[in-house]
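Dear colleague,

Please find the structure below, handed over for your review.

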Amino acid sequence: MKIFYSEEHRKHYPPFEVFDGGKRVQYYENPDRMDRILAALKKTDWAELTDPKDFGIDPIIAVHDGDYVQFLASAWTEWLASDPQVAASPEQNAFLPATFALRRKTRIPSSLLGKAGYYIMDLSACIVEATYKATLASANCALSAASSSFSLHNSSFALCRPPGHHAGRDYAGGYCFINNASVAANWLSQKGRVALLDIDYHAGNGTQDIFYERNDVLTISIHGDPDFEYPHYIGFADETGAGAGLGFHKNYPLPKDTDDTGYLAALDEALTMIRNFSPQYLVLSTGMDTFDGDPLGTFHVTQNGFSEIGKRIFDLNLPTAIIMEGGYANEALGNNIVTLLERFK
């Protein structure tokens, strides 16, 4: 199996993030996650590590607002230029707003921090010097996997960092800046019908936002109920698309303490929906934070559960671009990913 990976992610390592209640903590979405996965993949005899191709900016701005992407590209250097104290010790700082747009016919302000509050939805999407380069490389990993699955009619894995499914058309959030899976799905949609299945613990709000009014890409998300879980404001069962996209989006919000049995029951419903849609390609947003004991989740999916999840999705018999999203139980992360991927090799 081709594994698309770039070392560009390493320098995207914000020194902190801010949790609910104002608690400042070390950044959970860190390079150690990739190291654990790489170590596990290198122990297999089927993982072929491959550098991504550069697809340029066009596939990204086909999904994301151009002004938003320009903000990502320039925010850090503009901030350093505007604040000598930050410029004196950039490694200790992360670019974050203190005011967030309500999006009620909100205009985009001209000030840098005003733009940050418009384009960033929470306090985990921290921007540092290498963030933009890392996001471009991450998107290219996803596009390379999509291209490989299209050309070879098989499955491939994009080891993306930063992840992407919380990034909407014109906003960052939840460690995500460019929606890698959506960029890949949109690219594939030019080749045929696409289904995008999100199995991360958190609702794929950005993906839902991007495709909500489209009927050429079926989007499905299985996740912790936003009544109690991030991202809180999107991911409910009655959100099923709008306009031409009505009926082409499905959320499966699940309760706390969902185990293998409960999760697989929802997955089976999702897979039936995918079969009825008859896509030619599948994009799989793959989060491992459903794992029992993940610090940012409340589910109890086991390693055996991941094996069965992989088997059932593989049985769709579709070329699949598997895109890395979340998962923060780092000690188990590599083995969990390998357990799922080996069903596709």
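The expected span of a helix is 1.5 Å times one less than its number of residues; helices (H or I, at least four residues) and strands (E, at least two) are DSSP runs, numbered from the N terminus. This is a predicted model, in which local features need pLDDT of at least 70 and side-chain atom pairs count only at pLDDT 80 or more, while totals for chains, interfaces and linings use all residues. Residues are numbered from 1 along each chain as its sequence is written, and side-chain values use heavy atoms, with hydrogens and water left out.

Helix α10 (residues 303-314) has 12 residues and reaches 17 Å from its first C-alpha to its last, close to the expected 16 Å. Its buried residues (under 20% relative accessible area, 1.4 Å probe, protein chains only) are G305, F306, S307, I309, G310 and I313. These pack against β6 (194-198), α9 (260-277), β9 (281-286) and α11 (330-341), where contact means heavy atoms within 4.5 Å.

In the contact between α6 and α7, T135, S138, A139, A142, L143, A146, S147 and F150 of α6 meet N180, V183, A184, W187 and L188 of α7.

As for the cysteines, the whole structure contains zero disulfides, a disulfide being a pair of cysteine sulfur atoms within 2.5 Å.

Yours sincerely

Technical notes. Buried means under 20% relative accessible area, exposed over 50%, partly exposed in between (1.4 Å probe, protein chains only).
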